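Subject: Structure for your review

Dear colleague,

Please find below the structure that I promised to pass on to you. My findings follow it, and I would be grateful if you read them with the model open.

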Amino acid sequence: MAQIIKDISRTFSEYLILPGLSKKKNTVENVNLGTPICKFKKGKKSRLTMNIPIMSACMQSVSGPDLAIELARQGGMSCIFCSQPIESQVEMVKKVKRHKAGFVTSTINLKPSDPLLKAIRFIKETGHSTMPVTDDGSDSGKFLGILTDKDFWEYEDNLNNPVKNYMTPVERVIWGKDGISLKQANALLHKHKKQCLPILNKKGNLTHLVFTKDFVDHQNHPDELLDNEKRFVVAAGINTHDYRERVPALVEAGANVLCFDSSDGYTEFQKEAALWVRKKYGKKVVMGGGNVVSGKAFNYLVKEADLDFVKIGIGGGSICITREQKGIGRGQASAVMDVVEARNQYFKKTGTYIPVCSDGGLINDTQLILALAMGADFVMMGRYFAMTFESPTKKISIKDKLYKPYWGEGSNRAKNWKRYSEGGSKNKLEFEEGVDAYVPIVGSVKEVLPLTLSKLKSTMCNTGTTTLQSFSKNALITLVSEQSFIEGGTSSVVTFDQTRLDQDYLG
């Protein structure tokens, strides 16, 4: 007969954190949310860390380049979805990598012979009014000059005239040498009262542009997650079918992290693919895998597949119906605690620490906090980011309220059947493991994420901790009864919509 596990499969909503002694040093200003994403030896540092413990899910309706840029600006990381052609995923990664901290690659460029009409079209399409002029019209061609919307008059000048008649030639342009620091670039902008500084290499080719507004933006985001070249860090999803073609293309594009996107990663297919990547690239790339819900599965992937981090969770996502359709999965809290215990035992035996990620099953900020208290090094979220302006789906209006479409990677809409037929038949399955839905828009990432992080920091202060490592080590967690859960909400009061009350009061 089947083996029955006596422990109950539990969710985050069944637990609470008990306060610890808050010392004078336990203030939100002293809290450090840095967390490792790559395995490391005891006494050493991880090769890659995030400044906040949050990654966006590898989903079509969540992680596009705009979200990846904004989340990296806040200190986290996005995983660009792999349920798309290799070429389009690569282009998304490149778009993120083109954004350096204050240094940007020009997206609209002109040739000297281009008519003014082309410049006007660029301005209307992009909203940008500064356009470099290069010999071949590319973002890396020989820099010849610069054109702005102040150099011509759309309603008076002949729009068929060439750009070269209106541009400021390179001899009269203030520019910086490639390799200049952002601080030095800003000093030049300030000294010469300019808004844009072209950056040129030794050959006179354009490499980047520095804008005053971007420098200010960089100063306002001290937690930006950057690589050694001051570019935003980004992850990319991979699968166990076309990895021999997809992985080299993503590495070439500059992806910092590769992560297997699978509903169930406890397979020989993932092991085989991971070992191929490791043999070809060694430690050049950080590689994660999963998903798993047991310590046994964690040990298999770590020992056999040589992964840098492991994702936890099956069937716990807001639009995932794997448990309902197949009876496979586990309560997310139980899964996290089991895998964390295996991770800790592995560290004790080998001296190698493997970060783990809690993926899915997070209904609110409180559950995110509990996942980290239980030992997850970081979390991966889908719905949370699908509701932001930066997610890649279009806004729609339903009964005068704004929503965004949100669908699971196992839904018919995603058509990502490779993900659910690991290494085997590529034929379409006869059932779905995800649903197609809508979520309300809550604002931009820079508006919603700080509140979540503020709650996390406050809870850490309540437990007398200032790092995520000490938080998971020292947190005291208790089960919650049904009555305790009810007690924790509002009771014996009547709540109203304050806006409605104000309107009624003002008549």
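A residue counts as buried when its relative accessible area is under 20%, and as partly exposed when the value lies between that and 50%. Please note that this is a predicted model.

On that scale, Tyr-353 is buried, because its relative accessibility is 14%. Phe-347, at 26%, is partly exposed. Seven aromatic pairs were found in a search of the whole structure. In one of them, the ring centres of Phe-347 and Tyr-353 are 5.7 Å apart and the planes meet at 85°, so this pair is edge-to-face. Phe-40 joins Phe-347 and Tyr-353 in a cluster linked by ring pairs.

As background, an α-helix has 3.6 residues a turn, so residues three or four places apart point the same way. After H6 comes Gly-254, with a positive phi near 110°.

For the chain as a whole, there are 16 helices and 24 strands. Of its 507 residues, 51% count as buried.

Yours sincerely,
A colleague

Terms used. Residues numbered from 1 in each chain as written. Predicted model: local features only at pLDDT ≥ 70, side-chain atom pairs only at ≥ 80, totals over all residues. Heavy atoms only, no water. Phe/Tyr/Trp six-rings, centres within 6.5 Å; stacked < 30°, edge-to-face > 60°. Buried < 20%, exposed > 50% of the residue type's maximum accessible area, 1.4 Å probe, protein only. Helix = DSSP H or I, 4+ residues; strand = E, 2+ residues; numbered from the N terminus.
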